[in-house]
Amino acid sequence: MRKLCISKILYNMGKFALRVFALSVLVFLISRLAPGDPLYAYYGERVEKMSVADQEQARERLGLHEPLFTQYARWLQAAFHGDFGISYQYKTDVKEVIAARIGNTLVLGGLGFLLIFVFALGLGLFCAWREDRTADRIICRIGTVTSCVPEFWLSLLFLLVFAVWLDWLPGSGAYSVGEEGNVADRAAHLILPLAVVVLGHLWYYAFQVRNRLLEEVRADYVLLARMKGLSGRQVLFRHCLRGALPSYLSMMAVALPHILGGTYVVETVFSYPGIGTLAYESARYQDYNILMVVSLLTGTLVIFCNLLAGIVSGRIDPRMRIQNGAGGGEVRNF
Amino acid sequence: MDLLEVENLSVSFYRPEGEIEAVKNVSFSLGEGEILAVMGETGCGKSVLCKSILKLLPDIAKIKTGHIIVRGEDIIGYSEKQMRKLRGSLFSMVFQNPMTALNPCMSVGEQIVEAVRLRQPGLSGRERQQRASELMYLVGLSHPEERAKQYPFQLSGGMAQRCVIAIALAAQPLVLFADEATTALDVTVQAQILDLFLELRKKTGMSIVLVTHNPGVAARTADRVALMKDGELTGIGDVEEIFEEIMHQQNFI
Amino acid sequence: MKKRFPFFSLSVLTAIVVSCLACSAIMTKNPLYMDLAHCNEAPGKEFLFGTDAMGRDIFSMIWYGGRISLTIGFLATLFSTILAVFAGSVSGCAPARIDGVLMGMTELFLSVPGLLLTVFLQAVFVRTNVYSLSVVIGLTGWMSMAKVVRTEVMQLKNMDYVLAARCLGGGFFHVLIRHLAPNFFPSVLFMAVMNVRNAIVAEATLSFMGLGLPVEEVSWGSMLSLSENAFLSGSWWIILIPGAFLTGTLLCLTNLGNYMRGSANKRHSNLGRQGILKIKKR
């Protein structure tokens, strides 16, 4: 049994490594295939001031004449040592630029994810319980509308209403000038972007929960559970939720990078200093080194979460857990 | 006085396309310790009849007329809350497909213990386990402790049906509705389950309403037989009477 | 339970589409003309929906830009649907190894955040125009649909009637077109409608951020890219009106898509409380 677990962990780690490797190849290829001289990625505008001979020399030194494969190998080697190159726009190490901003994105995305996780489950349960009654219908209507509003426009709308017209909340940045350590100030800056992130995603997941539960509610075991004397709500919470939980958890594992990625647009509109704004600026100024690392980071997270989703549903759902041979009492069948 | 009396019961489904009369003006009575087989073709309303007595039908189904009298008390106007109490103690039901009737995500032990807890809330955890084991033993499941840890998909159809019966018995019901309880099972297992019903009646003295479309099942087990066709009750009487009648009719045709 | 046909959504959508296609008949001004004497003018008689920071008439731009937004939505979806149906059916029918490789690639594409992929691809085209943007958006939107098609094909291919068709000597494309396609059509149609929606959102988001169509090229997204200016001058109409049209179109598309998906739940809930119709207690 123990051996089985270790081989499984190794298998999953291998799968993860392979996918990340494929991702890095893809990202590298796209960045090299993109137009514009890769020399720009290293020297920026200085390239224009260099003589043709200097440019050639630089190319030679950076190995840009070599085949793509060798270039990739060199890039990968550097990446393993934590060297992702220089940001052309910020003139500093890519790592530093990203490290300075990733915290902000994690706070926004993480909080958003937590709120969505809790509310989607609650809302889905409530709607499934009140299926096809007034409350459910109203919530479904409102939900459909909110899921249709593009995030960037919702951000604009909130900015216009709450920051410009009502002037209740600050509409840009992560903190006011000179108030870097003030938690209340940071929270105030977080409210609007967070509201957009949550509203933009919430209904999609809540609706999935609702539909999944409605499937469960139609199963025969509900009748038997009611036969025992359980009320409708008890059946929903004790029995149906249990059936829907594995798929919900794996869905939310997949959703994590999705929600984090969704903050990118929101960050840009609110000028929130996170990875999203960074990615956007790098895209505008063709700062490929940063764009590559951001893509790699996000992509790795996606791959990790996908793997996690598979493992989670495999562990929680007894049907999958036991069929995969990882436990459960074996009794001879007579 | 009979245990259960059904008078002029009519049930309709109100679909967008129109009203569908599933049960029309059905009356019958059930004595204590009696096994009544309700026989008829598939779709003739047998199952709806049972479920409507227990009020387990979906929202679109409505009882139009009739009375359901349990020991002299008319339960037709009972609220969901009152019905819940009845379901937990007076009535119980066994369903056609044991594999779908058990929650696939809970071990069978948990499901039986849950039923015990609802019926006897005072018991401690260990006593509940004890009672669950007793029930499993009663329905003929060997190794109850190990069996309790298993999930429904690990069981065969016959064993799963025994578990469903154990859950139904946890309520110590006066009437057990067996809705095509043997249809989905192998023939030999069918016979075992039917024997189990007879044995349980002897031990607990409960009445059983056996819904089936199989005359063999009815003849083997029941005291009386009710015939249903297109939602109507076309005949009710002792097994011999009814079967003779059927033979008679078929000879005429 | 039965879903009602979304007449309202369909008629609103049709109205918007027809008006956008026939924009030259509706427009009161030249949408591209920058009337610098009338910058940031509030909605009024002359400029029905006001003017933007560059003095262009928003009412005319809505229809003119809508045409471009809708075209991109349609073209991108066409592109991604063809790609998805092809990749999905091949993957679903192919032996496990090829299927694994194809699905691995799909996963890989899915793992790159859509925005970044678009931005990268966008950079490949030197000069952005409607067609290049459609291709880019289409290239980023085929993966999940391909997965759905694959699952459907996998389920269907083991059905007896497909087996029968193959026994009778039907080739791969014959089986695909005559037997498989009609069966996964509803779910593909739903995904396609949703893809139109997503493509319109993607175009608007990209153009809004200045990564899609340039400001001179009018679309619902690029109209909103002037919003920063609008905040400063307090001209709400620049933000609200194009956005409302955008959201309205998306909502209609969603309703239509949901209708096409059909109702999944044919059975009735077992939690139902069967009622009784006025019977006197005895």
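Trainee: What share of the 282 residues in chain C is buried?

Mentor: A residue counts as buried if 20 or more other C-beta atoms, placed from the backbone, lie within 10 Å of its own. In chain C, 44% of the 282 residues are buried. This is a predicted model, in which local features need pLDDT of at least 70 and side-chain atom pairs count only at pLDDT 80 or more, while totals for chains, interfaces and linings use all residues. Residues are numbered from 1 along each chain as its sequence is written, and chains are lettered from A and ligands numbered from 1 in the order in which they are written.

Trainee: How many helices and strands does chain C have?

Mentor: Helices (H or I, at least four residues) and strands (E, at least two) are DSSP runs, numbered from the N terminus. Chain C has 12 helices and one strand; along the sequence, the pattern ends in β.

Trainee: What is the radius of gyration of chain C?

Mentor: The radius is taken over C-alpha atoms, and the globule rule is 2.2 Å times the number of residues to the power 0.38. Chain C has 24 Å, whereas a compact globule of 282 residues would have a value near 19 Å. Its C-alpha atoms fill a box of roughly 75 × 75 × 35 Å along the principal axes.

Trainee: How many residues of chain A are in contact with chain B?

Mentor: Two residues are in contact if their C-beta atoms, placed from the backbone, lie within 7 Å. Here 23 residues of chain A contact 33 residues of chain B. On the side of chain A that touches chain B, α10(A) gives the largest share, six residues.

Methods. Buried ≥ 20, exposed ≤ 12 C-beta atoms within 10 Å, placed from the backbone.
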